[in-house]
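Please look through the sequence and the structure below before reading the points of this note.

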Amino acid sequence: MRRRIERPAPEALGVVERARRAAADEGRAPRVLFVCLGNICRSPAAQGIMEKIAAAKGLAAECDSAGFYGGHAGDLPDRRMRETAWQRGYRLEHRARRIRLGDLDDFDIVVGMDDSNIDSLHSLADTDVRDAKIVRMTDFAVAHPDADSVPDPYYGGAAGFQFVLDLLEDACTELVDELLKTDND
Ligand code: 4NP
């Protein structure tokens with residue numbers, strides 16, 4: 001069932017606000033980790049899109065991605081995702097890796113793509129501080145208010161890859177804009 005929720009989601013904005021302040025206090029860029037299952041389709045695409053939009057808008061951000069399933073560790077993103085992303089100007093060169101508990105310490109914002117990723121992240125997070133970094137990618141998808149997950153395109157057709165990129169461009173644009181806000185905004 002789809003939930004129609006406020007966009008951007010207020011809880012997610014709280015996570016971004018804390019991330020922005022933590023990074024500013026420590027004189028560094030905010031660190032964002034994108035998480036899916038295989039780390040070969042959705043999350044490396046989110047990373048590549050976020051990096052490009054952040055650079056275009058003048059935001060310094062450190063981005064990475066990881067997955068819960070380690071079977072593709074070391075692999076480049078799925079060829080279909082690389083080709084679809086390249087049509088939009090994104091070169092995806094991330095090498096897949098499995099998420100580890102330390103990621104919830106090293107990153108300020110940890111972005112899951114679907115219910116399963118979010119549940120797995122909450123299970124991994126064994127402290128409130130770690131848990132409080134978890135957000136859902138579609139919390140930022142302002143142009144797709146009916147989408148509550150970024151669906152896994154792996155077993156589907158070409159349209160699924162395009163839709164994933166549509167959602168990720170929408171959500172990453174909003175996430176960059178939120179990270180660019182200052183205390184005066
Ligand atoms: P992703 O897609 O989570 O968006 O990277 C998947 C890719 C591969 C598998 C699952 C999901 N897999 O099970 O091999």
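Is Tyr154 buried, partly exposed or exposed?

1. Tyr154 counts as partly exposed, because its relative accessibility is 26% (buried means under 20% relative accessible area, exposed over 50%, and partly exposed in between, with a 1.4 Å probe and protein chains only). Tyr155, in turn, is exposed, with a relative accessible area of 76%.

2. This is a predicted model, in which local features need pLDDT of at least 70, side-chain atom pairs count only at pLDDT 80 or more, and totals for chains, interfaces and linings use all residues.

3. The protein chain has a mean pLDDT of 96, and 98% of its residues reach 70 or more (pLDDT is the predictor's confidence in each residue, from 0 to 100).

4. Around the ligand lie Cys36, Leu37, Gly38, Asn39, Ile40, Cys41, Arg42, Tyr69, His72, Asp152 and Tyr154, where a residue counts if one of its heavy atoms lies within 4 Å of the molecule.

5. A backbone N or O atom of Leu37 lies 3.0 Å from an oxygen atom of the ligand, and for Cys41 a polar backbone atom is 2.9 Å from a ligand oxygen atom (a polar contact is a pair of N or O atoms within 3.5 Å). The protein buries 92% of the 350 Å² that the ligand exposes when taken alone, with areas from the Shrake-Rupley method and a 1.4 Å probe.

Key. Residues are numbered from 1 along each chain as its sequence is written. Side-chain values use heavy atoms; hydrogens and water are left out. A polar contact is a pair of N or O atoms within 3.5 Å; within protein, one must be able to donate a hydrogen and the other to accept it, and residues adjacent in sequence count only if both atoms are side-chain atoms.
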